[in-house]
Amino acid sequence: MRIPLDFESAVPLYQQIESYLRQNIVAGNLLPETRLPATRQLADSLGVSRITVANAYAELESDGLIYSREGSGTFVLAPIAAAAPVENNASAPWPLWQQNALAETSALISAGHSPRPAGHPNPIAFTGVADPRGFPVKDFYKAVRTVIQRDGVAALGYGEFDGGYRPLRETISHVLASQGIQAQPDNTLITSGSQQAIALVCQLLLKPGDVILVEKPGYNFALELFQTFNLKVVGVPMDENGLRVDLLEPLLQQYHPKLIYTVPNFHNPTGVCLSGPRRRDLAVLADRYNIPILEDDFVGDLRFEGRAQPAIKALDQKGSVIYVGTFSKMLVPGLRVGFLVADGPIFNRLVSYKRINDLTTSTLIQRVMHEYVTVGRYQLHLRRSCRIYRKRRDAMAAAIKRHLPADVRFNPPQGGLFIWLQLPQNLSALELLPLAAKEGVEFTPGSRFFLNPQEGEGYLRLNFATQTPEDIEEGIRRLAVALRRLATGGGS
Ligand code: PMP
């Protein structure tokens with residue numbers, strides 16, 4: 001056991017040993033029934049006398065934190081004893097540099113989010129993203145075995161530093177071609193989720209204080225990312241056709257933004273799609289004002305009905321658009337495989353930035369992904385997901401109409417994962433949250449998607465993709481009960 005001792009300190013050595021053990025017992029790092037080293041052994045390894053260790057053990061024993069068993073040694077006691085206070089730790093201030101770091105970095109919007117109250121035995125969560133339960137784990141496992149047997153240690157090295165595992169980049173370009181996006185393996189970079197792709201673009205193109213235009217409301221973790229880069233985020237309003245591109249030109253002239261970030265398909269959190277004409281206008285404006293567009297297409301292919309609009313990237317002839325995609329929602333998020341497509345010399349710079357961030361995305365996972373994802377299988381999985389999610393979307397829309405008051409407003413989306421609800425006048429989703437949790441239903445409050453959380457208080461985001469139609473019905477019924485409580489002021 002390595003106990004840090006300060007031989008110069010005025011605190012006696014036995015107390016230093018005692019205090020170290022006490023803290024670890026109370027914190028649960030030393031579990032009940034853990035055998036402590038014999039006094040002679042610990043004394044030898046610490047370079048102290050045996051009596052010093054014995055004194056420390058005696059203090060702990062008299063406080064009921066350890067006990068000795070004749071002939072077998074000294075053991076940690078079960079936690080009732082752990083009530084003893086840990087004076088040093090609880091009152092000691094953290095180092096000044098930590099306090100400075102907190103003061104100098106911005107508090108993120110999620111930090112202000114109320115903690116989830118505990119309690120309901122069977123909560124229904126309309127939070128999160130896609131439903132991983134539909135993922136064929138057995139087939140994936142087969143792909144893992146195939147790769148390890150076939151590639152051996154080659155699957156366990158760093159792999160390619162020039163953009164990722166080339167065969168996977170080829171597959172991605174085929175998948176994208178089936179959606180009208182012309183990507184080549186040479187301009188496709190594998191990233192650790194699309195979140196990393198967004199971060200790389202920010203690192204490369206923006207410096208603190210630069211202006212970025214984003215949809216308002218916007219994807220929460222992108223907003224937080226922009227905040228941590230100390231960017232000046234300017235929100236552009238949306239309507240049922242997506243970003244109000246008609247409002248952009250004066251903003252471009254006023255702020256000279258360095259980037260426009262947009263989620264044009266089944267936007268997070270609102271679920272709306274950017275109309276075809278607006279996509280064209282946006283591509284033209286970006287070109288005219290020499291501003292790059294970061295197109296985040298996180299669930300673009302999860303369309304249940306209606307006509308798909310071309311990707312903005314597909315409308316861009318000049319390399320103004322950097323396109324970002326992910327396997328997180330179509331397959332599973334935990335593999336952390338996303339990608340970006342960029343044209344022109346900027347691509348190689350992005351490749352270098354990827355390298356300095358995390359060297360490479362897991363070689364094994366890239367190879368397994370390549371083994372698993374064929375264009376045919378991807379299309380099959382897509383059709384299946386769309387079929388299941390469409391039913392869930394319908395179930396949620398019907399349940400909202402059935403159970404929630406008529407003045408709750410929402411537009412059922414044509415695909416994706418989310419329904420965005422507007423509560424009746426003056427009701428706050430943040431106040432609804434604990435009441436809903438008590439009834440056993442969870443949602444994401446709208447304030448998470450605004451830089452100024454107050455602007456989102458009247459909204460909430462419901463994920464319909466992760467629950468069965470039966471649970472959706474029950475969850476919305478519970479939400480209705482909570483909403484009635486809130487509306488009648490019956491908080492308890
Ligand atoms: N973009 C949007 C709009 C998202 O909602 C998410 C995750 N929920 C991401 C990007 C990042 O996903 P990932 O890193 O898993 O690809």
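Predicted model: local features only at pLDDT ≥ 70, side-chain atom pairs only at ≥ 80, totals over all residues.
Trainee: Got it. Where does E474 fall on that scale, buried, partly exposed or exposed?

Mentor: E474 has a relative accessible area of 24%, so E474 is partly exposed. R477, at 36%, is partly exposed as well. These two form a salt bridge, with their closest N and O atoms 2.9 Å apart.

Trainee: How many residues apart are E474 and R477 in helix α17?

Mentor: They sit 3 residues apart in α17 (residues 469-487), which means a separation of about one helical turn.

Trainee: And how many salt bridges does a search of the whole structure find?

Mentor: The search gives 26.

Trainee: Are D151 and R367 buried or exposed?

Mentor: Both come out buried: D151 has a relative accessible area of 16%, and R367 has 12%.

Trainee: Which residue does K216 form a salt bridge with?

Mentor: That's E455, again with the closest N and O atoms 2.9 Å apart. K216 lies in strand β6 (residues 211-216), while E455 is in the loop between β15 (444-445) and β16 (459-463), so parts 239 residues apart in sequence are tied together. K216 is partly exposed at 32% relative accessibility, and E455 is partly exposed at 36%.

Trainee: You mentioned β15 and β16. How do I read a sheet?

Mentor: Start with the general idea: strands of a sheet pair through backbone hydrogen bonds, either parallel or antiparallel. In this case, 3 strands make an open sheet, ordered β13-β16-β15, with antiparallel pairing.

Trainee: Which strands stand at the edges?

Mentor: β13 (418-422) and β15 do; each has a single partner strand, so one side of each has no neighbour in the sheet. β15 pairs with β16 over 2 bridges, and P445 has L460 in β16 as its bridge partner.

Trainee: Which helix packs on the sheet?

Mentor: Helix α15 (residues 375-403) does, touching β13 and β16, and its direction makes about 15° with that of β13.

Note on methods: Residues numbered from 1 in each chain as written. Heavy atoms only, no water. Salt bridge = Lys/Arg side-chain N within 4 Å of Asp/Glu carboxyl O. Buried < 20%, exposed > 50% of the residue type's maximum accessible area, 1.4 Å probe, protein only. Helix = DSSP H or I, 4+ residues; strand = E, 2+ residues; numbered from the N terminus. Pairing = 2+ DSSP bridges. Contact = heavy atoms within 4.5 Å. Axes fitted to C-alpha atoms, helices over the stretch in contact; angles between N-to-C directions.
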